[in-house]
Amino acid sequence: MSTDTHTGTSAGTSAGIPSLSIAEAADRLGLSTHALRYYETEGLLVGAPARTAAGRRRYDEQDLRWIAMVQRLRATGMPVRDVREYARLCRAGAGNEQQRLALLRAHRERVLAELAEVSGHLGAITAKIELYEGTVGAR
């Protein structure tokens, strides 16, 4: 089972695993460097990325996994305030799992409702296509 914790303490490597610059991390995640900085300044990360002695951000695999989750939450319509709250709860550590679960369950319900609505729209479009195909095919 994975955890939602993050330390953000290593610079360069973590247990022999190389870290990535902000440009490399952005490229791997399909984001801009501006978006990564935005996630950090908006409190959407569990921990600040490690920094080199020169102050440059370094992202490890744990950072990338967390950011990918943030991307999924945002792509499914979770408001920034809710992502921020989820990150805050994760940063706080153990003891608030029930709150995290409630937040994710509520989001899942919104996503399921949106899927049902889109599915209904798709059904109507499919029915219209079938109608036209029947008309075009009859000629």
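Guide: Helices here are DSSP runs (H or I, at least four residues) and strands are E runs of at least two, both numbered from the N terminus. This is a predicted model, in which local features need pLDDT of at least 70 and side-chain atom pairs count only at pLDDT 80 or more, while totals for chains, interfaces and linings use all residues. Residues are numbered from 1 along each chain as its sequence is written, and side-chain values use heavy atoms, with hydrogens and water left out.

Visitor: How many salt bridges does a search of the whole structure find?

Guide: Side chains of opposite charge can pair when their charged atoms come close. With a side-chain nitrogen of Lys or Arg required within 4 Å of a carboxyl oxygen of Asp or Glu, the search of the whole structure finds six salt bridges. One of them joins Arg88 to Glu85, with the closest N and O atoms 2.7 Å apart; because these residues lie three apart in helix 4, about one helical turn separates Arg88 from Glu85.

Visitor: Which parts of the chain does the pair of Arg28 and Glu61 link?

Guide: Arg28 and Glu61 form a salt bridge whose closest N and O atoms are 2.9 Å apart, and the pair links distant parts of the chain, Arg28 in helix 1 and Glu61 in helix 3, 33 residues apart.

Visitor: Which residues of helix 1 are buried?

Guide: Taking buried as under 20% relative accessible area, exposed as over 50% and partly exposed as in between (1.4 Å probe, protein chains only), Ile22, Ala25, Ala26 and Leu29 are buried in helix 1, residues 22-29. Glu61, by contrast, is partly exposed at 30%.
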